[in-house]
Amino acid sequence: EALVRSGQIGDVSTDGPRLRLSASGITLAVEARAVPETMEAFDPPMRTLRSPATVEAARLHAGVLTIEASAPPSDPEDARLQARAMHAVAAALVPLMPTLAVFWRTSWSLTRPETFVEAAPGPTSGRAPVGIWAGFATVAPRGDAGDAIGMVSYGLAPFLGREIELAPAP
């Protein structure tokens with residue numbers, strides 16, 4: 001079974017084992033590999049999500065479908081368009097193959113295939129599945145900080161140019 005993974009955020013052509021899709025100035029590369037990701041690739045989300053189902057999906061997968069934009073986004077609007085395009089392509093491909101989870105790399109989110117497909121933004125819809133494209137995790141400082149807790153964002157950098165960190169506070 002495969003794990004579908006997105007990259008950073010018309011025409012169809014092949015470039016070796018990669019399929020290239022271009023529309024509206026966005027070019028995506030799609031590549032299927034019958035080789036699983038290493039568990040190290042999932043280390044950050046495993047530490048932040050702590051979901052037994054997520055850990056099990058990462059352990060059981062046997063292949064990866066990677067979707068990447070050919071160039072980094074030039075501005076927040078370009079990032080949004082790239083994310084919408086990657087999400088739409090992944091959502092179209094997920095039902096065609098046995099999929100355990102969808103890993104959105106910039107936000108470290110692993111999402112159930114059904115949830116990912118349902119959240120796909122329509123071509124003219126203004127909605128965006130921000131909960132998949134970006135997320136927050138709590139952090140606790142090391143040492144003797146009492147009940148202090150902070151938060152850090154994952155996945156906002158393509159849209160805002162930076163992540164957000166809230167310093168630990170009681």
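Mentor: Start with Glu114, which is partly exposed at 40% relative accessibility; that class lies between buried (under 20% relative accessible area) and exposed (over 50%), with a 1.4 Å probe and protein chains only. Keep in mind that this is a predicted model, so local features need pLDDT of at least 70 and side-chain atom pairs count only at pLDDT 80 or more, while totals for chains, interfaces and linings use all residues. Residues are numbered from 1 along each chain as its sequence is written, and side-chain values use heavy atoms, with hydrogens and water left out.

Trainee: What does Glu114 form a salt bridge with?
Mentor: With Arg112, the closest N and O atoms being 3.1 Å apart. A salt bridge here is a side-chain nitrogen of Lys or Arg within 4 Å of a carboxyl oxygen of Asp or Glu. Arg112 is exposed, because its relative accessible area is 55%.

Trainee: How many salt bridges are there by this rule?
Mentor: Three. One of them joins Arg105 and Glu68, with 3.3 Å between the closest N and O atoms. That pair links distant parts of the chain, 37 residues apart: Arg105 is in the loop between S6 and S7, and Glu68 is in strand S5 (residues 63-69). Helices (H or I, at least four residues) and strands (E, at least two) are DSSP runs, numbered from the N terminus.

Trainee: Are those two buried or partly exposed?
Mentor: Arg105 is partly exposed at 31% relative accessibility, and Glu68 is partly exposed at 21%.

Trainee: And where do Arg80 and Glu77 sit?
Mentor: Both are in helix H3 (residues 76-93), three residues apart, so about one helical turn separates them. Arg80 has a relative accessible area of 30% and Glu77 has 40%.

Trainee: Back to that loop between S6 and S7. What is phi of Trp108?
Mentor: Near 60 degrees, a positive value in a residue other than glycine. Trp108 is in the loop between strand S6 (99-104) and strand S7 (109-111), and is partly exposed at 23% relative accessibility.

Trainee: New topic, sheets. What is the order of the open sheet of three strands?
Mentor: S8-S9-S10, with antiparallel pairing. S8 and strand S10 (165-169) stand at the edges with a single partner strand each, so one side of each has no neighbour in the sheet. Neighbouring strands of this sheet are turned by 20 degrees against each other on average, direction ignored. Two strands pair if DSSP finds at least two bridges between them.

Trainee: How many bridges join S8 to S9?
Mentor: Five, and S9 covers residues 149-154. Gly135 stands opposite Tyr154 in S9.

Trainee: Last one. Where is Phe136?
Mentor: In strand S8 (residues 135-139), partly exposed with a relative accessible area of 48%.

Conventions. Axes fitted to C-alpha atoms, helices over the stretch in contact; angles between N-to-C directions.
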